[in-house]
Amino acid sequence: MNRIEQFENDSAALHALSLGISEAGQAIITRHQAALFAYAYRLCSGDRALAEDLVQDTFLKLWTAVPKLTKEKDIHLRPWLYRVLRNQLIDVLRKSNRTRSDDEIPEVEDNSDSVDEKLEKQGRAQAVQSWLNELPERQRTALVLSHFERMSNPEIASILEVSVEAVESLLARGRRTLAARAKTETEKAS
Amino acid sequence: MNNDKEIVDELFAKFDLVDEAPKPSSELTQKLHIDMKRAAAGFERDALQDMKLGQAQTMSRKPANWVASIMGIAAAAVFGFWIGFSDVSENLMYGIGVGAESLELESLYDDYETLLGS
């Protein structure tokens, strides 16, 4: 067992890091970096540079918060990281005025030319990804956490800082929009 | 509602969106490690400073503790001598005797008589 492997949980790793043991920090990075990046990448419409900036800033916030976090009884680092990353993304979107309120449910586009063009240009997978990106931010985040990160509704609720019922509602609305979109595209194709 | 969930699951699975998670670049990994090592060095410095501060406080407290102990022992000794060699003890016994007499406690009264006789 090397020194990184010995930090089997985040709590032990954070306490060790607070004493200056850098292997503990490496263990935390190794454990969370890839999933956090995939999450960021999907949330910010496949913008790789933005996703990497968000991940770096999230970890910077974590290093700053280590003394405070180690004082807490139960450290749930995974939801903490996802929550911080999402809040940062919201700030970025607000600044660039690219956000949309949850009340604005996007209409299912009925423009076959633009969809075909998009399908040709980006490929079908990217088209599906773009449907996801068109959802309001909270619905998209809930769907990404549920379908890609395989998180439970209570876990998603803690990241979005809403009730479990609200998560169920966000998931239902997001799925309904995506399912309607898929149905429309299938009908067009047949 | 469940039907929508299945459709979305199928949709993501069909295009390998779930399995093909995007990977972070090696540059990002490098940056994260540099930031973390910088933070760890800061934590180590802070921990060392805290330790030195703790030691310094313990050292500065030590002489004060010794002085307090010596003063306490000296005060107890002076008080003991004062009790032993002053009239206080005699007066105290007299007081007990008078009290015993008024309460008609014979044994204590006898002791008092004996004490005065001696």
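Visitor: In which helix of chain A does A:Ile90 lie?

Guide: This is a predicted model. In it, A:Ile90 belongs to helix α4 of chain A, which spans residues 77-95.

Visitor: Is A:Ile90 buried or exposed?

Guide: A residue is called buried when its relative accessible area is under 20%. A:Ile90 has a relative accessible area of 16%, so A:Ile90 is buried.

Visitor: How many helices and strands does chain A have?

Guide: Chain A has 9 helices and 0 strands. Of its 190 residues, 49% count as buried. Among contacts in chain A with a separation of 6 or more, 65% join residues 24 or more positions apart.

Visitor: Which residues of helix α1 of chain A are buried?

Guide: Helix α1 covers residues 10-18, and its buried residues are A:Asp10, A:Ala13, A:Leu14, A:Ala16 and A:Leu17. Viewed down the axis of α1(A), these buried residues fall within an arc of 165 degrees, so they line one face of the helix.

Visitor: What is found at the start of α1(A), and what just after it?

Guide: At the start, a side-chain oxygen of A:Asn9 comes to within 3.1 Å of the backbone nitrogen of A:Ser11. Just after α1(A), A:Gly20 adopts a positive phi of about 100 degrees.

Visitor: What area is buried between chain A and chain B?

Guide: The size of an interface is often expressed as the accessible area lost when the parts come together. Here the area buried between chain A and chain B is about 3,200 Å², and carbon and sulfur atoms give 72% of it. In terms of contacts, 38 residues of chain A meet 30 residues of chain B.

Visitor: How many salt bridges and polar contacts link chain A and chain B?

Guide: The count of salt bridges between the two chains is 0, and 5 residue pairs are in polar contact across the interface.

Visitor: Which helices of chain A supply the side that touches chain B?

Guide: At least two residues each come from α1, α2 (22-43), α3 (48-69), α6 (124-134), α7 (137-148) and α9 (164-189) of chain A. The largest share, 10 residues, is from α2(A). Sorted by class, this side of chain A has 22 nonpolar, 9 polar and 7 charged residues.

Notes. Residues numbered from 1 in each chain as written. Chains lettered and ligands numbered in written order. Predicted model: local features only at pLDDT ≥ 70, side-chain atom pairs only at ≥ 80, totals over all residues. Heavy atoms only, no water. Buried < 20%, exposed > 50% of the residue type's maximum accessible area, 1.4 Å probe, protein only. Helix = DSSP H or I, 4+ residues; strand = E, 2+ residues; numbered from the N terminus. Arc of directions from axis to C-beta. Polar contact = N/O pair within 3.5 Å; in protein donor to acceptor, adjacent residues only side chain to side chain. Contact = heavy atoms within 4.5 Å. Buried area = accessible area lost by both parts, 1.4 Å probe. Salt bridge = Lys/Arg side-chain N within 4 Å of Asp/Glu carboxyl O. Nonpolar A, V, L, I, M, F, W, Y, C, P; charged D, E, K, R; others polar.
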